[in-house]
Amino acid sequence: MCGRYLILTEDEIIEYREIINEVNERYKDTPLLSQMATGEVFPTNVAPVLITEKEKPRAALMKWGFPKWQGKGVIINARAETALERKTFRLPLMQKRCVVPTAGFFEWRQEDGKKQKYLFRMPNTKLLYLAGLFGTFEQMPAYTILTTAANSSVSAYHDRMPLILGAQSIEAWLLDTRFALDYVGRPCDSILYAQAV
């Protein structure tokens, strides 16, 4: 499960600053740019993702959550292991993959009768790249984050975690369907640390 994540626009995060600069240029003078979330990102917020355009990663703004076909609400996560079997996610997995850049994601755990919030990050890096899928619904592009079984660094807090991509795997995830289909079946071996917030 990934129900919220963090965007930091600190200048020292060079990779993220480049994404923000590209978004600012691409969406200049559009209403979508004014809706872009920073800080803690919630479902239905508009946030930057990386997609493929002309065989290269490009930054785009999208809304977090596929609309549900029945009832209200949005689908913010898709199970990586079964995405190919689900009608909602099959085509996006084959043709419309994205990467969600983030400083970390949040999970909650019951402690002493109350919920404690934790931020999960990777040591020695300021950016996490989460595997995602996207589509266009009523002319609004939207994305969902793929999740997988939690590994040992997350399992004490939740049984699911986002499917994390290494920076070196971004282009392969976006461009290579065979790589993507193999990747969704792998366990996530990224080691994370949790910080109470």
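This is a predicted model: local features need pLDDT of at least 70, side-chain atom pairs count only at pLDDT 80 or more; totals for chains, interfaces and linings use all residues.
Biologist: Which elements make up the chain, and what is its radius of gyration?

Modeller: There are 5 helices and 15 strands in the chain. For 197 residues the globule rule gives 16 Å, and the chain comes close to that, so it is as compact as a globular protein of that length. Its own radius of gyration is 16 Å.

Biologist: What percentage of the residues count as buried?

Modeller: A residue is called buried when its relative accessible area is under 20%. Among the 197 residues of the chain, the share that counts as buried is 47%.

Biologist: How are the rings of phenylalanine 105 and phenylalanine 120 arranged: stacked or edge-to-face?

Modeller: A pair of aromatic rings is described by the distance of the centres and the angle of the planes. The search of the whole structure finds 10 aromatic pairs. In the pair of phenylalanine 105 and phenylalanine 120, the centres are 5.2 Å apart and the planes stand at 10°. Planes under 30 degrees apart count as stacked, so this pair is stacked.

Biologist: Which strands does that pair tie together?

Modeller: Phenylalanine 105 is buried, at 0% relative accessible area, and phenylalanine 120 is buried too, also at 0%. The two residues are 15 apart in sequence. Phenylalanine 105 belongs to residues 104–111 and phenylalanine 120 to residues 114–121, so the pair ties together β9 and β10.

Biologist: Where does the charged end of arginine 97 sit?

Modeller: Let's look at charges and rings. Lysine 117 lies over the face of phenylalanine 106, with 4.5 Å to the ring centre. For arginine 97, the distance to the ring centre is 6.0 Å, and its charged end sits over the ring of tryptophan 173.

Biologist: Is leucine 91 buried or partly exposed, and how far in space is it from glycine 135?

Modeller: Leucine 91 is part of helix α3, residues 87–95. Its relative accessibility is 47%, so leucine 91 counts as partly exposed. Leucine 91 and glycine 135 are 44 residues apart in sequence, while their C-alpha to C-alpha distance is 9.0 Å.

Terms used
Residues are numbered from 1 along each chain as its sequence is written. Side-chain values use heavy atoms; hydrogens and water are left out. Rings of Phe, Tyr and Trp (its six-membered ring) pair if their centres lie within 6.5 Å; planes under 30 degrees apart count as stacked, over 60 as edge-to-face and the rest as tilted. Helices (H or I, at least four residues) and strands (E, at least two) are DSSP runs, numbered from the N terminus. Buried means under 20% relative accessible area, exposed over 50%, partly exposed in between (1.4 Å probe, protein chains only). A charge sits over a ring if NZ of Lys or CZ of Arg is within 6 Å of the ring centre and within 35 degrees of the ring normal. The radius of gyration is taken over C-alpha atoms; the globule rule is 2.2 Å times the number of residues to the power 0.38.
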